[in-house]
Amino acid sequence: LPTVSVSTLSSAGTLRNTCVLTHDAFLPFYVGVKEPELLEPPCPAAAADTSRQQRYASGQYFFEYLVVVSLKKTKDSSSYEPQITYQFPKRDGMAKYQKEEEEKTLKAITLFCFPEGISWAPLTEYHSETFSFVLTEIDGSRRNGYCRRLLPGGKGARPPEAYCIISSLACFGLFSKIFDEVEKRRQISMAMIYPFMQKLREAPFPAPGNTVEIKSFIPESGTEIIRLTRPFDSWLEHVNFATLFSCLTDEEVLLVFAAAVLERRIIFIADELGTLSQVIHAVAALLYPFTWQHTLISIVPEILIDVVMAPTPYLLGVQKRLLDEVTDQSDLLVVDLSENKKKTFIISIGDEGAILPPKLKTELLEALSHRKKGSTVEELNRVVSEAFLQFFVKTVGHYASYVKRRSGEGGVFEKRSFYKAIESKTTRHFVKKFIQTQMFDLFIQEAEQHPEQQQQGETANASYARLKYENDPRPDSL
């Protein structure tokens with residue numbers, strides 16, 4: 001990922017430069033920036049903090065920190081604005097520039113915990129919801145934000161509050177279970193949350209298929225043992241296809257997939273924040289082993305709604321109340337995920353149904369029909385992911401035979417020979433478009449740089465899967 005700075009909107013509505021962030025990828029407000037200079041020499045405490053952060057980044061621990069975001073009345077008491085009211089653990093001993101950048105990041109987190117901005121009023125009932133986002137730092141590193149919004153205990157009308165966990169790990173299902181424990185303790189007392197989070201922070205992150213046990217004491221209930229298990233398919237642990245297929249029919253999912261595979265602009269509309277984040281991550285996962293290379297924002301904060309005007313490809317999630325802000329454009333796909341929708345595709349280019357080869361489209365639908373009612377998340381994920389992976393194997397799985405290598409040098413991909421080798425005209429027509437995308441280009445660049453390890457007689461399918469898994473240092477990065 002490139003070194004960039006992103007311009008975010010100030011409370012006054014003007015653009016200002018910051019050294020962080022985008023949400024689920026880069027917002028298209030790029031400006032060049034130099035690496036910040038070290039204004040103060042790092043003290044031992046700062047060095048220790050850096051060491052801890054390196055361990056967190058290596059995936060050894062569950063999370064970096066937890067923040068509580070509350071809605072506080074503005075100075076004129078006319079509205080509410082989100083503010084961080086607690087951070088656990090507090091990071092002390094940072095250099096001045098580190099502290100400044102940390103404050104900017106924390107400020108940005110409030111935008112994504114409450115993307116609605118100031119349009120809030122005290123509530124007596126509120127259904128808690130869980131969603132996720134991604135922060136991208138100036139050096140290209142990424143951290144995941146997991147958020148649970150809930151109504152704190154009490155009487156009378158009161159605003160909701162958000163609990164946000166920042167972690168280098170992409171594991172939505174596991175953090176949803178953690179938030180269940182957080183919410184249960186919040187209903188007893190705020191003080192019950194932090195001992196649990198401390199135990200969690202000290203626990204090692206389990207390997208795929210393994211379980212970690214957290215002991216936590218609750219008054220009147222005694223010591224509880226919370227078991228957190230990672231799925232075997234670690235690259236899918238940030239994904240739950242159930243929401244996608246509950247909002248869209250199989251045929252509609254293929255239309256969205258067709259637009260995404262050609263890297264078009266796609267906007268998803270829904271009322272629920274959890275629906276938006278889960279569907280967008282699921283759509284990105286359909287592209288595996290390729291990776292979406294453009295803007296991906298699962299929940300666009302109202303203050304950043306102008307991002308929908310960007311001319312570059314994107315996957316965006318927009319709350320339905322902002323629908324009028326996105327329907328004055330063409331040349332994009334707007335997908336309504338809400339239950340009370342009049343039609344699924346509010347705006348479309350019109351050719352989405354003709355993008356995928358007809359035979360392979362039929363095979364995809366057949367493979368998807370093998371889903372069983374009542375199947376687990378892991379079982380559903382496996383059926384869906386294998387269906388779309390086979391689509392890529394059948395269309396471009398022969399790529400390895402056209403990466404020609406010389407001794408001691410990198411490979412060169414023979415593009416023309418590659419697509420001319422495809423017998424089906426409809427498949428060849430699709431592939432000629434697909435190989436022009438950035439996701440395919442990056443995949444091939446990795447293949448060209450990969451050392452020759454193929455053996456005689458190895459099938460194209462096995463070569464395809466093996467190369468991707470060896471190349472991907474973060475198979476769970478989706």
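**Group meeting: confidence and backbone geometry in a predicted model**

Residues 1–49 keep a pLDDT under 50, and over that stretch the model has 106 contacts beyond four places in sequence. pLDDT here is the predictor's confidence in each residue, from 0 to 100, and contact means heavy atoms within 4.5 Å. Residues 51–59 also have a pLDDT below 50, with 13 contacts in the model beyond near neighbours in sequence. Where pLDDT is low, predicted coordinates should not be read in detail.

Now the ground rules. This is a predicted model, where local features need pLDDT of at least 70 and side-chain atom pairs count only at pLDDT 80 or more, while totals for chains, interfaces and linings use all residues. Residues are numbered from 1 along each chain as its sequence is written, and side-chain values use heavy atoms, with hydrogens and water left out.

For the chain, the average pLDDT is 78, and 79% of the residues score at least 70. Helices (H or I, at least four residues) and strands (E, at least two) are DSSP runs, numbered from the N terminus.

Next, the backbone. Most residues other than glycine have a negative phi, and most peptide bonds are trans. Which peptide bonds are cis in this model? One joins Phe88 and Pro89, with omega about -10 degrees. Pro89 sits in the loop between strand E6 (80–88) and helix H2 (96–113). Another runs from Tyr288 to Pro289, with omega near 15 degrees. Pro289 belongs to the loop between helix H7 (273–286) and strand E13 (295–297).

Two positive phi values to mention. Glu263 has phi near 55 degrees, in the loop that links helix H6 (250–261) and strand E12 (265–270). Asp331 has phi near 60 degrees, in the loop between strands E14 (314–319) and E15 (333–336).

Are these two buried or exposed? Glu263 is buried, at 10% relative accessible area, whereas Asp331 is exposed, at 54%. The cut-offs are under 20% relative accessible area for buried, over 50% for exposed, and partly exposed in between, using a 1.4 Å probe and protein chains only.

Last, Ile349, from the loop between strand E16 (345–347) and helix H8 (358–368). Ile349 is partly exposed, at 38%. What does Ile349 touch, leaving out residues up to four places away in sequence? Arg264, Asp331 and Leu332.
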